[in-house]
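New notebook page. I'm looking up how this chain is put together, starting from the inside.

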Amino acid sequence: MESPTYVAFATQKGGVGKSTLTTLVASYLYYAEGVELVAVDCDSSQHSMNVYRDHDLVVTKENPYLKRALHRFYLGFDKKPYEIILTSPKDALDVADNYVDNAPEEKKPSVVFFDITGTINNPDIVDLISNMDYLFVPITTETGEMASSISFASAVVNNMMTVGTTKIKELKLVWNKINSREKTRLCDVMDNYMQKHGLSSLDTVLVKSNKFEKDGRETGNTGMFRSTMLPPDRRLIRGTNLEELVSEIREIIKV
Ligand SMILES: Nc1ncnc2c1ncn2[C@@H]1O[C@H](COP(=O)(O)OP(=O)(O)O)[C@@H](O)[C@H]1O
Ligand SMILES: [Mg+2]
């Protein structure tokens with residue numbers, strides 16, 4: 001069995017979409033495409049995957065529609081929800097390696113996702129980031145977030161990747177919260193600028209949508225877009241580019 005691919009969506013700033021992207025991509029891969037995986041949440045200080053999971057456990061009991069959807073889904077899906085392991089940046093690698101070593105053959109993950117905050121000043125985080133195989137850096141068109149993602153990505157590329165002190169094979173920025181399915185003019189201008197600094201972004205952008213606010217508390221006949229226990233509701237995926245995003249990421253990380 002090959003060793004699993006370590007992947008992180010990381011940025012310095014909070015609120016850009018790390019936990020959201022990690023959850024959406026992990027849930028789509030696991031529940032819709034059958035990829036074995038585990039998530040390591042190293043970000044207990046913020047809204048993170050671990051918080052989402054706790055929330056999902058509650059809403060799938062309280063919301064009758066989600067309760068039925070969960071029941072129906074697991075009739076045809078012979079696995080439990082993927083594990084989300086809460087730990088610190090310092091212990092994250094050991095925890096992940098241990099999980100992989102001890103998993104039974106049929107549960108060996110092909111991918112391990114890490115949800116990391118990117119404070120580049122913290123040596124544990126720098127070490128963790130440098131041990132990823134692939135790094136995806138969410139970026140939005142909000143000025144502060146844009147600057148922060150670019151400076152984080154270029155620190156990784158220029159201080160780690162070109163110096164060869166890292167396992168990272170590829171770093172890609174990912175435009176998130178975009179008002180259209182195509183890159184906007186600002187994205188293109190910034191892509192151009194970033195290219196001059198040795199950075200590049202995925203072709204696919206993740207659309208900005210209030211579907212992200214659907215957290216399962218509102219009742220009715222809608223599922224959830226971002227759930228850690230269910231695949232994203234098919235009706236809610238439409239128009240978001242999520243499927244295209246997952247497919248582009250799969251090509252890069254080769255799973
Ligand atoms: N594409 C999007 N459209 C709308 N809201 C989004 C989108 N991506 C993320 N969000 C929202 O932005 C907020 C921050 O996202 P989050 O994933 O928690 O960021 P981070 O993990 O980087 O701190 C959350 O409320 C989330 O629902
Ligand atoms: Mg987060």
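First, a term: a nonpolar core is a set of buried Ala, Val, Leu, Ile, Met, Phe, Trp, Tyr and Cys residues joined through side-chain atoms within 4.5 Å. Buried means under 20% relative accessible area, with a 1.4 Å probe and protein chains only.

Ground rules: this is a predicted model, where local features need pLDDT of at least 70, side-chain atom pairs count only at pLDDT 80 or more, and totals for chains, interfaces and linings use all residues. Residues are numbered from 1 along each chain as its sequence is written, and side-chain values use heavy atoms, with hydrogens and water left out.

Cores. I looked up the largest nonpolar core and found 43 residues, among which Tyr 82, Phe 113 and Phe 136 touch the most other members. Helix H1 (residues 18-32) gives this core its largest share, eight residues. I also noted a second, separate core of 40 residues, with Ala 8, Ala 92, Ile 116 and Ile 129 among them.

Tyr 82. Leaving out residues up to four places away in sequence, I found Tyr 82 touching, among others, Ala 26, Tyr 30, Leu 37, Met 49 and Thr 228. Contact here means heavy atoms within 4.5 Å.

Whole chain. I noted nine helices and six strands; these are DSSP runs, H or I of at least four residues for helices and E of at least two for strands, numbered from the N terminus. Buried residues make up 54% of the 255 in the chain. Of the contacts with a separation of 6 or more, 76% join residues 24 or more positions apart. The C-alpha atoms fill a box of roughly 50 × 45 × 30 Å along the principal axes.

Definitions and conventions. Chains lettered and ligands numbered in written order. Buried < 20%, exposed > 50% of the residue type's maximum accessible area, 1.4 Å probe, protein only.
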